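Please find below a colleague's note for someone meeting this entry for the first time. The points are meant to be read with the structure open alongside.

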Amino acid sequence: MEEKIIISGGRPLTGSIRVSGAKNAVLPILAASLLTTTQTRLLDVPDLADVGVICSVLQELGTRIEKTKEELVISIPSLQHIEAPYEYVRKMRASFLVMGPLLAREGRARISLPGGCAIGTRPIDLHLKGFSALGADIRYGSGHIEAVAKELTGADIYLDFPSVGATENIMMAAVLARGQTTIENAAEEPEIVDLANFLNAMGAKIKGAGTKVIRINGVKELTGTTHAVIPDRIEAGTYLVAAAMTRGDVMVENVIADHLKPVVAKLKEAGAEIKEEETHIQVCCNGILKGVDIKTLPYPGFPTDMQAQFMTLMAVAEGTSIITETVFENRFMHVNELKRMGAKIKIEGRTAIVQGVKTLNGAAVKATDLRAGAAMILAGLTATGETEVANIHHIDRGYERLIEKLQGIGANIRRVEVKQ
Ligand SMILES: CC(=O)N[C@H]1[C@@H](OP(=O)(O)OP(=O)(O)OC[C@H]2O[C@@H](n3ccc(=O)[nH]c3=O)[C@H](O)[C@@H]2O)O[C@H](CO)[C@@H](O)[C@@H]1O
Ligand SMILES: C=C(OP(=O)(O)O)C(=O)O
């Protein structure tokens with residue numbers, strides 16, 4: 001049954017809101033649980049559509065997953081298959097993250113090619129170059145890729161771009177390889193550090209995660225562990241923007257403030273009042289928000305996953321803002337939707353020029369991808385009248401209990417079934 005989200009905008013949000021475990025941390029960690037035959041327990045696993053997809057991939061491969069309110073327990077004594085089928089890869093590109101662990105554990109992995117995506121072509125060449133450097137033979141079939149290696153051997157790998165997924169996939173393959181692997185120009189995102197902490201707790205020897213150079217000394221085997229997933233910095237950032245935009249006063253709880261530095265810096269520059277503690281951030285705004293310029297970059301730069309939400313904020317800020325997207329080549333799909341609500345935005349190549357308006361007007365819009373969907377919710381929260389957001393399956397990929405959480409801080413928002 002298709003659903004929509006309906007928002008009556010214009011209410012300042014007040015109160016406190018709790019952030020869930022990070023989608024982009026839990027997905028590689030779940031994939032990494034394939035690296036051991038013993039049990040893994042994960043805490044703070046968010047209840048998200050994407051988590052459901054990766055769990056289905058793991059189950060397809062032969063794992064047993066038990067889920068309670070508190071934890072997710074994964075047991076994988078032996079694997080039945082080495083293939084992540086198209087049915088899942090098509091729904092979620094991160095399914096590709098099982099390739100490194102499968103190759104390391106089974107010496108063979110077969111993955112359906114993910115194809116294009118709403119935000120860009122998103123090739124996987126850097127993942128494959130890494131696997132080749134570790135000694136894998138890469139074979140292209142119709143609609144799939146297979147990697148085969150009798151034994152993986154440590155290597156020096158330089159990434160042309162600090163790709164998050166390639167860094168994670170190579171790291172997961174290298175932990176069981178013979179000898180030392182060095183990944184240079186590695187991604188430095190907090191989710192890479194969380195994955196490395198999880199792997200090290202299983203017995204891996206990884207140093208330098210969170211810097212540009214990661215060194216991995218291969219070990220013979222890994223043992224299951226218990227790990228709590230880090231809080232979602234993008235979910236947190238989305239709520240910070242919601243509070244500022246609606247001229248509210250909100251305490252965002254369960255954050256690692258350090259991970260939100262680039263987002264908080266821009267919110268302050270725009271005029272929001274922010275008090276940061278290690279695990280919570282309070283945002284308050286009762287004055288005018290000013291336009292600020294933003295350029296997305298790999299961490300610790302401004303995250304591309306916050307670009308659409310910030311554009312919505314800039315759409316109602318005073319003055320002109322220049323937003324440059326350098327990470328993905330097609331991540332401006334939300335612009336046309338925002339324009340439907342009265343935003344004044346012009347795109348020139350990879351740059352969006354946003355001329356702030358006084359208010360947005362409620363309208364029927366659609367989520368074109370996950371963060372574009374979040375941007376529509378934010379627009380609806382501040383717009384006059386009613387906003388109806390369609391294609392909300394994109395939003396369900398990455399925001400746990402979004403409606404309940406926003407209702408908890410005073411938003412007039414609900415989910416309705418669409419009659420066919
Ligand atoms: C599940 C997950 O963690 N998703 C995040 C991850 O995606 P993901 O891991 O896919 O993002 P990458 O860092 O790999 O991609 C960044 C750029 O590198 C390019 N590229 C990537 C790999 C490759 O082999 N070749 C190549 O050219 C991509 O097309 C893109 O333009 O990091 C992105 C960048 O912070 C975030 O937006 C996503 O939310
Ligand atoms: C782009 C995102 O996710 P994915 O890489 O899973 O598509 C995102 O979380 O904004």
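How many nonpolar, polar and charged residues are in the shell around ligand 2?

1. This is a predicted model, in which local features need pLDDT of at least 70 and side-chain atom pairs count only at pLDDT 80 or more, whereas totals for chains, interfaces and linings use all residues. Residues are numbered from 1 along each chain as its sequence is written, while chains are lettered from A and ligands numbered from 1 in the order in which they are written.

2. The shell around ligand 2 has two nonpolar, two polar and three charged residues, where Ala, Val, Leu, Ile, Met, Phe, Trp, Tyr, Cys and Pro count as nonpolar, Asp, Glu, Lys and Arg as charged, and the others, Gly among them, as polar. Its members are Asn24, Arg93, Ala94, Asp305, Leu370, Arg371 and Gly398, a residue being near a molecule if its C-beta atom, placed from the backbone, lies within 6 Å of it.

3. Ligand 1 has 21 residues around it, of which Asn24, Leu126, Ser163, Val164 and Gly165 come nearest. By class, this shell has eleven nonpolar, six polar and four charged residues, and α1 (23-32), α5 (125-133) and α6 each supply at least two of its residues; helices here are DSSP runs (H or I, at least four residues) and strands likewise (E, at least two), numbered from the N terminus.

4. The protein chain is divided into domain 1 (2-20 + 231-418) and domain 2 (23-228), with bounds that come from an automatic or database domain assignment. The C-alpha centres of the two domains lie 30 Å apart, and 20 residues of domain 1 are in contact with 14 residues of domain 2, contact meaning C-beta atoms, placed from the backbone, within 7 Å. The shell around ligand 1 draws at least three residues from each domain, and the shell around ligand 2 also draws at least three from each.

5. The axes of helix α6 (residues 164-174) and helix α7 (residues 190-201) come within 10 Å and cross at roughly 10 degrees, the axes being lines fitted to C-alpha atoms, for helices over the stretch in contact, with angles from 0 to 180 degrees between N-to-C directions. That makes α6 roughly parallel to α7, a label for angles under 35 degrees. Val164, Thr167, Glu168 and Met171 of α6 meet Glu191, Ile192, Leu195 and Ala196 of α7 in this contact.

6. An open sheet of four strands runs in the order β22-β23-β1-β24, with mixed pairing, where two strands pair if DSSP finds at least two bridges between them. Strands β22 (364-366) and β24 (412-417) stand at the edges, each with a single partner strand, so one side of each is left without a neighbour in the sheet.

How values were computed: Angles under 35 degrees count as roughly parallel, over 145 as roughly antiparallel, 65 to 115 as roughly perpendicular and the rest as oblique. Two residues are in contact if their C-beta atoms, placed from the backbone, lie within 7 Å.
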